[in-house]
Protein chains: 2
Amino acid sequence: MGLVVLKFGGTSVGTVDKIGKTADQAIYEKKQGNKVIVVVSAMGKSTDKLVAMAEEISEAPDKREMDMLLSTGEQITIALLAMTLKEKGHDATSYTGWQAGIETEAVHSNARIADIDSARIEAALDAGQIVVVAGFQGLTADDEITTLGRGGSDTTAVAIASALKADKCAICTDVVGVFTTDPRYVKKARKLEQLTYDEMLELANLGAGVLHPRSVEYAKNFRIPLEVRASHEQESGTMIEEDLTMENTKVVRGIAFEDQITRVTIHWKQKEAMRVSKVFTKLAENNIDVDIIIQGITGLGHGNLSFTIKTSALLATLAVLEESKELLQIEKLESEQELAKVSIVGSGMVSNPGVAAQMFEALTENNIPIKMISTSEIKVSTVVPARKMVEAAQVLHDQFELDK
Amino acid sequence: MGLVVLKFGGTSVGTVDKIGKTADQAIYEKKQGNKVIVVVSAMGKSTDKLVAMAEEISEAPDKREMDMLLSTGEQITIALLAMTLKEKGHDATSYTGWQAGIETEAVHSNARIADIDSARIEAALDAGQIVVVAGFQGLTADDEITTLGRGGSDTTAVAIASALKADKCAICTDVVGVFTTDPRYVKKARKLEQLTYDEMLELANLGAGVLHPRSVEYAKNFRIPLEVRASHEQESGTMIEEDLTMENTKVVRGIAFEDQITRVTIHWKQKEAMRVSKVFTKLAENNIDVDIIIQGITGLGHGNLSFTIKTSALLATLAVLEESKELLQIEKLESEQELAKVSIVGSGMVSNPGVAAQMFEALTENNIPIKMISTSEIKVSTVVPARKMVEAAQVLHDQFELDK
């Protein structure tokens, strides 16, 4: 007998019918002899509808009131799910974020969980109930309702699993697990049995949308075994845990890719006047996220700096830089759109220095130009033309034999 | 400078546009130099949608979870209204029932307010904010979300007005005030300037749908002046308060009527065996509301008992009585449908014994048969054929010169 936390996203509770299937899944875990906590998101597109109303009212709706508004979404789901469980003959109780004892810092729309007082959940579990908790939301010390931002329900699930020392936290979603790469584009993509936290973190950060990096980080810090699995099937998914049993696995575990990347290049007036830190301070002040950064100095006394941004941030980026052109000592600004980032990820890379070279060779042999490179201990990212993105992923998937 | 509580029902906040007009009304009161609290219901038909989902899940959805579900409706409205007020340049804060300190008894779907801890509202008012509170909901001492049942938002408004010793509580609705009778049926109906609590209570109980009796009772107990008025117009409505300035007003103040009434008659086997109290105990156990009751005994040793119910309760009533026919010593059951109740209301009746006779005469003269009669200190109700209901109201409106 263990304690299991199950998290279901919006599409898994999008209709009364799907809520019924979600209830069945919770009942299945309960019948295995487990204590069961279910964390749920708002139903399907219901959050979008609330956001649309708020945007009718204001271009920048007040954040406190947005949290007040959006937190109703999960509250509707928990009520309907608990109702369904009871209708199916199982004792259940729903709790909002604040009723579940989820205390957050005093930040609206993107709060972090500060503490969990799990007394109420524990009492309900001890009374034999299936506990249904609203994800994505909490309460500040001043009794203000907050939301946790993107990936918030995953974070709620992991935080509750941690506070209650759960044996497992299963993130139930519309895919059957984490794949070696996106199966919509690469047919040979294969479901992974296991991943380390760090591998999952890199994959999540590199655009593999299954899990939000924040929840993986949380799980890593508190050593909560995570399972990514299909919502309404019994098939086991992908386990994410520490790398104890992985010595014999492949060096490269997965391939992530995303398009809509733009490279911006700054040519300095002279190399003595490179205001590199000032550039990134300016961009950060304007909430522009920069990804890969490369700095080059030519022998002629000139220097340049390249970095990638999401293409959607290009206009804002150019505006900020043009405005400060003199201050930053910029001679010329260039940008190249229609790029993509293709990355390989695997914990084993640390001790296999040849992996990066193998990657570049495979791409070059297939006439895929590499525009930029960025490496970390467990990943190598390359920037390639967007039209070559899927081909690059396929080439690398073959090269590192991820289908085997 | 005073303290004003404004309550807006579902139709007054049914769209983003109407929420804007509601905000304007609150701002108008604020600009008059008042501290302003706005209590709101769920948007338009949003509660119906939630109920429909719950009914898809269960024929009798769990009451605790229904409260969890339905309380989201007002929370959406308060967020949107506070957002709108801020967008219009006025400081505002929204509070759910529990944030507003509304403590209720531990009953789901129909809880009574036990206490209000108004500290948080007062602090926000003192800080110059317009305070927006979710009606219809509260929290038990055990931190369980409850709802107040029908007319709940009115009750919330009156209770807050009482706790904060407000100078006025305005119930803003889709009519401009309380009328002498329903203006949809009687063209000469006239808006009343003033009513006593008791008169309003009788009118509310007799089917004049403007206010729920519970909120009027609350206002009466705590001497809160109530105004019933139009949501989005400046015109003043009907004031409901103690009868200080009313000596010269008419004896009859208003006429209420409702159809869908059925009379049930029980013929006893013998007059010694009339199980009158047992009948009403049985009906109450089955949640059947009985209105007018008349008992008659003929000289021949037989007796009968008649009472009215809503026609929608007829099948249930007959089933209960048939089942206990032997136990209750019932010889025969009869029922007459398509009846209506027409009532005259006025505080002055107590000291004017001729009023009832005047009513019966007017009806008889106009060939409207009176099937049953029931009186209290400030009202007389008659049961008449449903097809004669509107005519009866018109006749009485003329008879007591309510148009003048």
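This tour goes from the pairing of chains A and B to one residue inside chain B. The model is predicted, so local features need pLDDT of at least 70 and side-chain atom pairs count only at pLDDT 80 or more, while totals for chains, interfaces and linings use all residues. Residues are numbered from 1 along each chain as its sequence is written, chains are lettered from A in the order in which they are written, and side-chain values use heavy atoms, with hydrogens and water left out.

Select both chains: a rotation of 179° with 0.0 Å of shift along its axis superposes chain B on chain A, with an RMSD of 0.2 Å (least squares on the C-alpha atoms of residues with pLDDT of at least 70 in both). This is the relation of a two-fold axis, and B:Thr72 has the C-alpha of chain B nearest that axis, 2.7 Å from it.

Next, select the interface, where 40 residues of chain B are in contact with 40 residues of chain A (heavy atoms within 4.5 Å). Now pick B:Glu65 and A:Lys86, whose side chains meet in a salt bridge of 3.3 Å, N to O (a side-chain nitrogen of Lys or Arg within 4 Å of a carboxyl oxygen of Asp or Glu); the count between the two chains is six salt bridges.

Finally, move to B:Ser381, which counts as buried at 1% relative accessibility (under 20% relative accessible area, 1.4 Å probe, protein chains only). Among the residues that B:Ser381 touches, not counting those up to four places away in sequence, are B:Leu206, B:Ile292 and B:Met372.

Definitions and conventions: Buried means under 20% relative accessible area, exposed over 50%, partly exposed in between (1.4 Å probe, protein chains only).
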